[in-house]
Amino acid sequence: MRNLTDKSFSISGSNLIKIAASVFLVMGLNTNPAAAENIGHDGLKTIYHIYNDGKYIGAVNEDEKVEDLVEAKVAEAGQEFKELNLEPDESFNMIAEQVFEPAAKNEEEILAALDEELEVKASTFALAMDGKVIAQLKDRSAYDETLRQVLLAYASPEELDQWEASKRTPEALPELEAGETRVTLIDIEDNLSGMSDQAAPADISTPEEAATLLLEEKDITVTVEKEEKVKEGLKFETVEKEDEELFIGKSKVEQKGKDGEKQVVYTITETDGEQSGREAVEEEVTAEPVEKVVLNGVKELPSVGTGKFVWPAQGGYISSKKGPRWGREHKGIDIAQPDGFDILAADHGVVKAAGADGTFGNRVIIDHGNGYETIYAHLKTIDVKVGAKVPQGTKIGVMGTTGRSTGIHLHFEISKNGATQNPLDYVKQ
Ligand SMILES: [Zn+2]
């Protein structure tokens, strides 16, 4: 018949002993606290069996001696490891038994064996990877600090604080402003876990050591997710339209293009500090772009003249009229000192000749298809080729002084059915 009492110890480094005792009465027997020498009124005596490291050491009569021994060993270790919570190895166990037999006799030997074998451990919080303990931290807060240091290898303290704060707030985050970035997730590979444990005091790592182990030897992965709102330009499009008023080959801009603007929210994923993903998740156009409209002429080039002529230069004055000059007939007019040097077709027509021609220098002849022809001489350069349709006002060359000429000017003639006309009857400046 047995009555077992299980006592377990939790002893802190400050040498306080707390004993949680629970009495389990198998047969409803009462213990009498007043009975001396652990002897009950029914003649039973309590002895204490001591186990350590899975081994039975022996039984003693006085549990207080065991407690004193344990306390002394813990206190001694506490001299060296002041920061730790020290306690006997968890394999240490003392079990009370009520017996009829006489008490244990070799108590001193048993206590000496326990003194020899009992290890003082520190209570710890173990860091495990894939379920296997890889480091021992002194407590839960040292464990938390270890994980924080791992995160700080890839996130700034501000980002970490912001992330911690956002986890505590149940409300949705305010909308981002353009140019803002914030952290939405900071996560360590989820194969880490922690648990209460025991370890030899010398085997306890600092958070710095444990973080270095994770980062450098275990190559732990840290994922940081951020969201970022940025302003981006929206390129305008160009639209081309046909215009019946414009001659073929001509085009003009009817409406200037203007870029728009949009705000885009990106989610960015960083793995161990390297960007591993960037995705646009939201887009808002804040300014629509204005399309550029270009008109392209589709109007057939006219090759037959109107019979009405325009001034073939850009301003200038008549330096010589048609008529007798230096003993011979001057068959056209000379125009000099213009505002610009473009030479223009005086009426619609087709280029009949374009090139060097003796005293004319570089000259162009336009056949207006209605009996009229015009001649433009002494050009510096010619811009048209024979056969080209030249609507009235088309630039055909640049004023010069090629051929027999004493200065930069345009020599201009008009003929009708082969008969030379006085240009001043047809054009006015
Ligand atoms: Zn002339």
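**Strands and helices in a predicted model**

Trainee: Okay! How many bridges join β22 to β26, and which way do they run?

Mentor: There are 2 bridges between β22 (residues 349-356) and β26 (residues 389-390), and the two strands run antiparallel.

Trainee: And how many bridges join β22 to β23?

Mentor: Here you can count 6 bridges, with β23 covering residues 362-367, and the pairing is again antiparallel. As an example, alanine 356 stands opposite asparagine 362 in β23.

Trainee: What's in the hairpin between β22 and β23?

Mentor: That hairpin has 5 residues between the strands, and glycine 358 takes a positive phi near 55°.

Trainee: Switching to sheets: what's the order of the one with β12, β13 and β16?

Mentor: It goes β12-β16-β13, an open sheet of 3 strands with mixed pairing. The edges are β12 (238-247) and β13 (251-255); each has a single partner strand, so one side of each is left without a neighbour in the sheet. From one strand to the next, the twist averages 35°.

Trainee: How do β13 and β16 run, and what joins them?

Mentor: They run antiparallel, joined by 4 bridges, with β16 spanning residues 292-299.

Trainee: What about β21, β25 and β27, what order are they in?

Mentor: Those 3 strands form an open sheet in the order β21-β27-β25, with antiparallel pairing. At the edges are β21 (342-344) and β25 (381-382), each pairing on one side only.

Trainee: How many bridges link β25 and β27?

Mentor: They pair over 2 bridges, and β27 is residues 395-398. Isoleucine 382 has glycine 397 in β27 as its bridge partner.

Trainee: New topic, helices! At what angle do α3 and α5 pack?

Mentor: The angle is about 45°, and the axes are 8 Å apart; α3 is residues 140-152 and α5 is residues 207-217. That angle makes α3 oblique to α5.

Trainee: Is the crossing left-handed or right-handed?

Mentor: Right-handed, as α3 passes α5.

Trainee: Which residues make the contact?

Mentor: From α3, the contact uses Ala142, Glu145, Thr146, Gln149 and Val150. From α5, it uses Pro207, Glu208, Ala210, Ala211, Leu214 and Leu215.

Trainee: How do those split by class?

Mentor: The contact of α3 with α5 has 7 nonpolar, 2 polar and 2 charged residues.

Key. Residues are numbered from 1 along each chain as its sequence is written. This is a predicted model: local features need pLDDT of at least 70, side-chain atom pairs count only at pLDDT 80 or more; totals for chains, interfaces and linings use all residues. Two strands pair if DSSP finds at least two bridges between them. Axes are lines fitted to C-alpha atoms, for helices over the stretch in contact, and angles run from 0 to 180 degrees between N-to-C directions. Angles under 35 degrees count as roughly parallel, over 145 as roughly antiparallel, 65 to 115 as roughly perpendicular and the rest as oblique. A crossing is left-handed if the near helix is turned anticlockwise from the far one by less than a right angle, and right-handed if clockwise. Two residues are in contact if their C-beta atoms, placed from the backbone, lie within 7 Å. Ala, Val, Leu, Ile, Met, Phe, Trp, Tyr, Cys and Pro count as nonpolar, Asp, Glu, Lys and Arg as charged, and the others, Gly among them, as polar.
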